[in-house]
Amino acid sequence: MDKRRYRVLGIDPGLTRMGFGLVEEQGSVLTHVDSGVIETDPGLAVSDRLAIIFSKLNVIVQTHCPSSVAIERVFLNLNRRTAVGAIQAAGVAQLVAGGAQLQVHEYSAAQVKQSVVGVGGATKEQVSFMVDRLLRSSGQLGQSKFPDGTDALAIAITHLNNRGFARLKQVAG
């Protein structure tokens, strides 16, 4: 891969639906590489569901060779059962990244919204709209049945934005 290109795998963790999105940066241009949702059957044992996520994420990493991984940080909220599954799925994503010797960066939902939309309390629709605009997709990416893939693209874009700010700080100071 060209050294001026940097590819990020964004992960929106979930046990039933895990969003993934790959965004490549070359210069100041962001390009959508791939995105989608890894779905697991809630009727399966948790260990089987995590194994499915592990296997599919490994294929994605091997196929697309990202430079790094960005994961949305999971917070315990009112629905602890959903949060525990998301935390387990995030752990599997960390494991896959570690196995591929990729750095992992975590961002809160508010950080993602702030980075992509400019407002930490942005709606899902606003995030989807901006992802489409930033990736010049003519509204195609935000029309999925499940927003998890679009959310994962937003997470990848957040990392690219933060990476850019970090480079600017190095140059300035």
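Author: The lining of the second largest pocket divides into 3 nonpolar, 4 polar and 3 charged residues (Ala, Val, Leu, Ile, Met, Phe, Trp, Tyr, Cys and Pro are nonpolar; Asp, Glu, Lys and Arg are charged; the others, Gly among them, are polar). The model is predicted, so local features need pLDDT of at least 70 and side-chain atom pairs pLDDT 80 or more, while totals for chains, interfaces and linings use all residues. Residues are numbered from 1 along each chain as its sequence is written, and side-chain values use heavy atoms, without hydrogens or water.

Stay with this second pocket. Its volume is about 160 Å³. A pocket is an open set of points on a 1 Å grid where a 1.4 Å probe fits, with protein on both sides within 12 Å along at least five of seven lines, and lining residues have an atom within 4 Å of a point. The volume is the space filled by probe spheres set on those points. The second largest pocket has 10 lining residues. Nearest its centre lie E25, S28, L30, L134 and N161. Helix α5 gives the most to this lining, with 3 residues (a helix is a DSSP run of H or I, at least four residues, numbered from the N terminus).

Now turn to the largest pocket. It holds about 870 Å³ of space. Its lining has 32 residues. D12, P13, G14, T82 and A86 are the closest to its centre. Elements giving two or more residues to this lining are α1, α2, α3 (109-116), α4 (124-134) and α5 (148-172). The top contributor is α2, with 7 residues. By class, the lining of the largest pocket has 15 nonpolar, 7 polar and 10 charged residues.

Follow α2 to its partner. The axes of α1 (residues 46-64) and α2 (residues 80-99) come within 9 Å and cross at roughly 35 degrees (axes are lines fitted to C-alpha atoms over the stretch in contact; angles run from 0 to 180 degrees between N-to-C directions). On the α1 side, V46, L50, I53, F54, L57, N58 and V61 meet α2. On the α2 side are Q88, A89, V92, A93, L95 and V96. Contact means heavy atoms within 4.5 Å. Here 11 residues are nonpolar, 2 are polar and none is charged.
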